[in-house]
Amino acid sequence: MKPILRTYQTEDDYWRIREFLREVSLLNERHEYSWSLLRWDYWVWHVNLNIFHFNLEEVIHLWEVGGQIVGMLNPDGNGEAFFQVHPAYRSEELLCEMLDVAEVKLPNHKEGDSHDLLAWVNAEDAVHKAVLTRRGYVRSKFLAEHMRRRSITKPIPDSVPKNGYTVRALGDESELPARSWLSWKVFHPEEPDEKYQGWEWYKNVQRVPIYRRDLDIVAAAPDGELAAFCTVWFDDITRTAVFEPVGTHPAHQKRGLGKAVMSEGLRRAQRLGATLATVSSYSTGAHALYNSMGFTEFDLLEPWIKEW
């Protein structure tokens, strides 16, 4: 039966998409041929709600068979397309149809009447890459995303912070301003502090259905200042623990704090019953940290671009 296209409509679709992605992840043996449950949740509640502000009814497209979702097209940022497909329905025909929609609904509109679109694909997905090639896409110069993975059964590094630092779970709402400020310093190290826009956005992170404050790990300096963080998201259906994000304040780097918060996160996930841990990386520094923590295997997500 041919999948039928429709747009995202109600909150019920949000919950149905979550179950669809869980099913697809397990069918793909938890390899990154589609988004994980957490990536969808994190995108809806943080990335989109706090940053991009897309109208979901305009940018989320679903393909169904007999009322069951078998495919989803969605952006991450502006001018990007991600393709989530049930393995039983993966075909060149469906991928071409999804690409048709992406080129109309999701492209980046540039000066004049020109456009471009960045399509992300697993490097091992030969069928999808063949479709992109025929449609005029080429491998972009943007960095590929390393979707790293490690078994929870592997030994967990015993990384204990030194020099008076302590590792613990994030505190109550009174600590959210400090946690938000730490994120700002980690991800905007070159930006002037005047551009900081406050901490209330973190409430949306905590609204993610699988958020657990006991898995929101921080390292604190002897004076109480938050110095590093590692948020872990555990899905008890797929038994997967996703580490997103991980970071250390520039003034506290080179002290093993990244390893310390990740080690604590791995131990806590293990106690909850996780069997797989994942984390994504782009940079040389992140690759080195995650390799040292046992995340040596990875799926590679490649960006392919077309301009017209």
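Start by selecting H46, which sits in helix α2 (residues 37-52); helices here are DSSP runs of H or I with at least four residues, numbered from the N terminus. You're looking at a predicted model, where local features need pLDDT of at least 70, side-chain atom pairs count only at pLDDT 80 or more, and totals for chains, interfaces and linings use all residues. Residues are numbered from 1 along each chain as its sequence is written, and side-chain values use heavy atoms, with hydrogens and water left out.

Is H46 buried or exposed? H46 is buried, because its relative accessible area is 12%, and buried means under 20% (1.4 Å probe, protein chains only). Now show what H46 touches: I51, W201 and V205, not counting residues up to four places away in sequence. Contact here means heavy atoms within 4.5 Å.

Next, select W43. Setting aside neighbours within four places in sequence, its contacts include W35, L38, F54, I60 and P75. W43 is also among the residues with the most contacts inside the largest nonpolar core, which has 63 residues. A nonpolar core is a set of buried Ala, Val, Leu, Ile, Met, Phe, Trp, Tyr and Cys residues joined through side-chain atoms within 4.5 Å. Helix α2 gives this core its largest share, seven residues. Apart from it there's another core of 27 residues, including L215 and Y290.

Last stop: helix α8, residues 257-272. Colour its buried residues, among them L257, V261 and L266. Then step just past α8 to G273, which takes a positive phi of about 105°.

Technical notes
Helix = DSSP H or I, 4+ residues; strand = E, 2+ residues; numbered from the N terminus. Buried < 20%, exposed > 50% of the residue type's maximum accessible area, 1.4 Å probe, protein only. Expected span 1.5 Å × (residues − 1).
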